[in-house]
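Thanks, everyone; I would like to take a few minutes on aromatic pairs, and then on one residue in a loop. Please have the sequence and the model in view.

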Amino acid sequence: MLKDNIKSIRKAKGLSQQELAVKLNVVRQTISKWEQGLSVPDSDMLIAISDALETPVSDLLGETVVLPEADSLRAIAEKLEVINLQLAGKHIARRRMFHWLSFSVCVLLVLIFAVLAGLDSPYLSWDYGNPETAVAGVGFHVFEWLFIRLAPFVFGAAAVGIFVIRKKQQDCAGQ
């Protein structure tokens, strides 16, 4: 599609991402995002890319179309709209995945905390004269010690992530 065409035509013309970026007055990362499909250029930028690569816009979009000028701009706009909708769908899917991942982390931390509280540090009563028991006891103690100190921060970050994602979803739904 568009991302592959920009990359292949740029390479065929012997241009690096940086050289194309200079011609378009954008940063190299913008070219990289277009070529990875993480974003798409708007219609004005698509025309500028076409000029910089000395290739028709229709070739960038992946097809050879012979249309009057007004129709080709409308066709480009429609294709860009479809691409934008696809990117928006991917963005929403990533946001949902992050939301459920954050929620799962919170639940997992609560479950681990409940198990550790229920076990009440059984390794404290173990016989540390046996090397295997000593290693297992120290390992369990290190896990418990790190968990108690790090879990509140991880839980807080996951809770904030849930809140931020939910807020963004509400903001997007309200628009």
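Three aromatic pairs are found in the structure, where rings of Phe, Tyr and Trp (its six-membered ring) pair if their centres lie within 6.5 Å, with planes under 30 degrees apart counted as stacked, over 60 as edge-to-face and the rest as tilted. This is a predicted model, in which local features need pLDDT of at least 70 and side-chain atom pairs count only at pLDDT 80 or more, while totals for chains, interfaces and linings use all residues. Residues are numbered from 1 along each chain as its sequence is written, and side-chain values use heavy atoms, with hydrogens and water left out.

Take tryptophan 100 and phenylalanine 103: their ring centres are 5.6 Å apart and their planes stand at 85°, so this pair is edge-to-face. Both belong to helix H6, three residues apart, about one helical turn; helices here are DSSP runs (H or I, at least four residues), numbered from the N terminus. Tryptophan 100 is exposed, at 52% relative accessible area, whereas phenylalanine 103, at 40%, is partly exposed (buried is under 20%, exposed over 50%, partly exposed in between, with a 1.4 Å probe and protein chains only).

The rings of phenylalanine 143 and phenylalanine 147 have centres 6.0 Å apart and planes at 25°, so they are stacked. These two lie four residues apart in helix H7, with phenylalanine 143 partly exposed at 41% and phenylalanine 147 buried at 9%.

Finally, serine 121 sits in the loop between H6 and H7 and is buried, at 16% relative accessibility.
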